[in-house]
Amino acid sequence: ATMLYDVTVAAVNEFFSCVWVEAVLFSFAAMTYLAVSGRVVVNKRQQGELRDCTVAKGAKAASSLPGSGMNNESELMQIFASLRRGRLQEAIALLRQLPDEKMKAMSDKVIPKLLTVAATAADAPAAAALVHGAFGRIRPQMLDMAMLEAQRKRNARLCGQLDRLAKLLCIPRSDITFTTLAWSYASDAEALKELMHQASVPLTKAFAKAVLQACAATKNVELVVEIFERADPADAAALRSHAEQIANRARLAYPCDKVNVTEYDAAASVIQECGQSKDLEGAIAEFEQHPLVRGHMGEKLLKKIVQACISCGNWNMAKKQILKAQQHGVRLTRVYAADMIKSLLAANDHSSAELLLHDAVELGLRIPQACYHGVLQVHALAGDRDAAWRLVADMRSAALLPNQVSCSILLKMVSSPAHAVDLSKIIDLAESMRLPADDVLLCSITEACLRVGRLDLLSHATALGLSKIGGSGGPTLSAPLYGAMIKGFGRAGEVDRVWALWHEMQSKDVEPTEITLGCMVESLVANSEADAAWKLVQDIWQDQGQRHLVNTVIYSTLMKGFTAQPDKVEAMYLEMRERRIECNTITYNTILNHFAQNRIMHRLPQILEDMRASTPPVEPDIVTYSTIIKGFCASGNLDQALELQKEMLADGKFMPDEMMYNSLLDGCAREHRLSDALRLVDEMRNNRVRPSNYTLNMLVKLLGRCKKLGKAFSVVDQLSAEFGFRPSIQVYTCLIQACFQNRQPAKAMSLLDRIFEHGLCPDQKTYVALVRGHLQMGLLDTAVELVHLACQGEQPAAVDSQCLGDVLARLGERSKAAAAMKTLVEEAWRRQRATCRQVSRQAVRPQPESKMKARVRSGRDNGSGHQRAESQVFSAAEAPKLQEAKHCKRTSSSESRASTWSSGIASSCSTAAS
């Protein structure tokens, strides 16, 4: 067996020794054949796939169906084919047809190309809106890839377009993006400087080098110094060589034998001085002595001559110099133009700034949009609507689309119903922005709709989905916006719309905030729906996830709706303590005010004890003392009120104010405490507390009841002269009543003359006091003439129905004099109603005939009689009309606010809570 094995091996070796060369050659040939034939098969397969993709592209609907057999490669080829043709919307539609997993897998390959196509689109904002609607927030890495591809193709313009698109899409800039933009902005020194200021400090080494290289092209030595200030000190050595190159190029740009920098600086100073002294000819002569050179010095000289022309009010000459400089290659840079506009606005030369912006396109100036907004702000604050809309048109001419800042500034012009047209235009402008409007703008639009009283515009903006501008996939209305709209419809009294908005917010799963709930409760309380508001708060409290929204401000607002129901106020207070909701000073003041208004002072000690027992203790303020003192005075406990005031003065933390003194004087008038009232007046003088007309009312009433008529006149004259205010018609009415209480009808009539002399207009209460006083004194003739005087003019004061009834009863209900009197007063009432419908008609001061005035002023005590009264009424009715009385404007008096003292504390508390 061993011999047989050896023979076989020897035979095989002999055979392979002859054919091994042929075997190697055959193997090599086979491998070559297989490789070549395999590659040919692969190419054919790819060509078949391309043909399949072409067929599938002609039938999009079929190819987009699930299970159509399209693979990732064919889908990418379709998308890239659409992007190569610039069909952004078609490419995004193809992407949206893919499942979410495929779309996420392909996004890294597709988004950079999408950004490039969107940046080069004719309508970049619309393209940005499409990309935002498809992908939402774009990662910075996608922008980096698009930027690097644009740099690889040496397309600086595309880099700038990508940068503007990134701002629209709110894509943060990375270090790679900053470095690439530094290369692309190499020819724009202003944009390069702005880019460097936007970069984080310290500057990265790569970005600093890129900016230094760009400085070499712009010949901007000043920027080099700023780079070293903002760069990392550890990189200073590496950057020093680049700085030397910048300095050498700057010296080459301004050789000493061609341009004398010192001479040009001196010329710029001379031109500036000539402009300040209004010597335009001298400025132009100095400017023309130095040839314009490209670079920093030429731009500086041009800026100075333009400023001089503007200072001298010759804008045409400024335009001429700008155009002439452009022929020599010198232009006003973006930074210089912006600085000029800022300086013009600072000098209040708004017209020149507007002219510069208007002619910016013609002059080839690139002006930042912030400059347009600065001038627009001036026009908006001045209420110059025509100029503001002209500036918006100029902004569009400069290819700057109005944005959210523009709309917010324009909304400042909308303050009254007369501005509804402007509001409609602003809403249209906001809708044309294409990008989503933020909550701040939408809340501003809501408030403007409330100011002009055009809730239809608010409904229109909501119906159009103003918060979803840019596509149906935009954000839902936010909770602050819902709060603003609820507050608006609440002020308009549309409770149904308020509830509809609240239910809509809940159906869309928008979580309300404390402010949103506060607006809802305030709207319901203001429309007498306090019970519904309380129930809503109870429902919110039952929800553990929303319980934190209920706070002391909510309860303080709720308490305003139960002014006449102190039991419910106390129940809410106990509910707050049970739920451990802390009460602040405002809450306690609101509760105390409710108790004071309803004169249930026995509950005050418990509330004060709770204030002291709180953790930390709640200290009373001046409102607390005023509220308690007002309650004591209203309930007839003047002594307790005065004692509390003494305690407050002894404590030394607070000083009594006018409202507190008015409450005390009111209490003195109720109890006829003249000595205490006069002491309080002296105390007011010593503490330099300024009295009001309401203070004078209290004093005159008290002095009149105490038969101190002379003192009443002296107090009115002294206080009004000492504190520099004029007594109102209400004070004179109180003085008239005091005159009749002291049986001085002649002095009351002298007050009527004094009223006319001081330019005041007697109102209905004044005439009623005069007529009733004369009736009580038995002076029917004078009372009849006063009624006639009250019915004079186009805007008569007239008398009320009760006073008319008293006069008719004295004349005799069935007498002709009574019938004529009734007709006269009813005609005056008709003119009153007509005047109310035409409030814009200017009122004039009454000027009755001298004869009538003399007869009324004479007022004999023993001259009353029915026959004489009848003859006077008939003569007044049948004789030609007296000269029409000229009424003066009825001035609004400050005591009208004080007359609502009972509700003042609640209002102040609610204001502070808001």
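Residues are numbered from 1 along each chain as its sequence is written, and side-chain values rest on heavy atoms, with hydrogens and water left out. Because the model is predicted, local features require pLDDT of at least 70 and side-chain atom pairs count only at pLDDT 80 or more, whereas totals for chains, interfaces and linings use all residues.

The chain contains 49 helices and zero strands; both are DSSP runs numbered from the N terminus, with helices (H or I) of at least four residues and strands (E) of at least two. Of its 914 residues, 46% count as buried, where buried denotes under 20% relative accessible area, exposed over 50% and partly exposed in between (1.4 Å probe, protein chains only). The chain exposes about 46500 Å², of which carbon and sulfur atoms supply 53%; accessible areas come from the Shrake-Rupley method with a 1.4 Å probe, and for residues only the protein chains shown count as cover. Among contacts (heavy atoms within 4.5 Å) between residues at least 6 apart in sequence, 71% join residues at least 24 apart.

A nonpolar core is defined as a set of buried Ala, Val, Leu, Ile, Met, Phe, Trp, Tyr and Cys residues joined through side-chain atoms within 4.5 Å. The largest such core has 130 residues, and those with the most contacts inside it are Leu517, Leu558, Leu664, Val771, Val799 and Met821. Helix H40 (residues 729-741) contributes the largest share of this core, nine residues. Apart from this core lies another, of 65 residues, including Ile310, Leu356, Leu357 and Ala448.

When residues up to four places away in sequence are not counted, Leu558 touches Val521, Val525, Ala530, Ala533, Trp534, Val537 and Met572. Thr557 belongs to helix H30 (residues 552-560) and is buried, with a relative accessible area of 12%. With neighbours within four places in sequence left aside, Thr557 is in contact with Val521, Glu522 and Val525. In helix H43 (residues 780-790), 11 of the 11 residues are buried, so this helix is largely enclosed by the rest of the structure. Among the buried residues of H43 are Asp781, Glu785 and His788.

Two packed helices are described by the angle between their axes and the distance between the axes. The axes of helix H21 (residues 385-397) and helix H23 (residues 420-431) come within 12 Å and cross at roughly 15°. This makes H21 roughly parallel to H23, a term applied to angles under 35 degrees. The contact involves Arg385, Trp389, Val392 and Arg396 of H21, together with Asp422, Lys425, Ile426 and Leu429 of H23.

Two residues other than glycine adopt positive phi values, Ser528 at about 60° and Lys707 near 60°. Ser528 lies in the loop between helix H28 (514-526) and helix H29 (530-542) and is exposed, with a relative accessible area of 69%. Lys707 occupies the loop between helix H38 (693-705) and helix H39 (709-723) and counts as exposed at 52% relative accessibility. Val270, in helix H14 (residues 261-276), counts as partly exposed at 31% relative accessibility. The C-alpha atoms of Val270 and Ile305 are 10.0 Å apart in space, while the residues are 35 apart in sequence.

How values were computed
Axes fitted to C-alpha atoms, helices over the stretch in contact; angles between N-to-C directions. Parallel < 35°, antiparallel > 145°, perpendicular 65-115°, else oblique.
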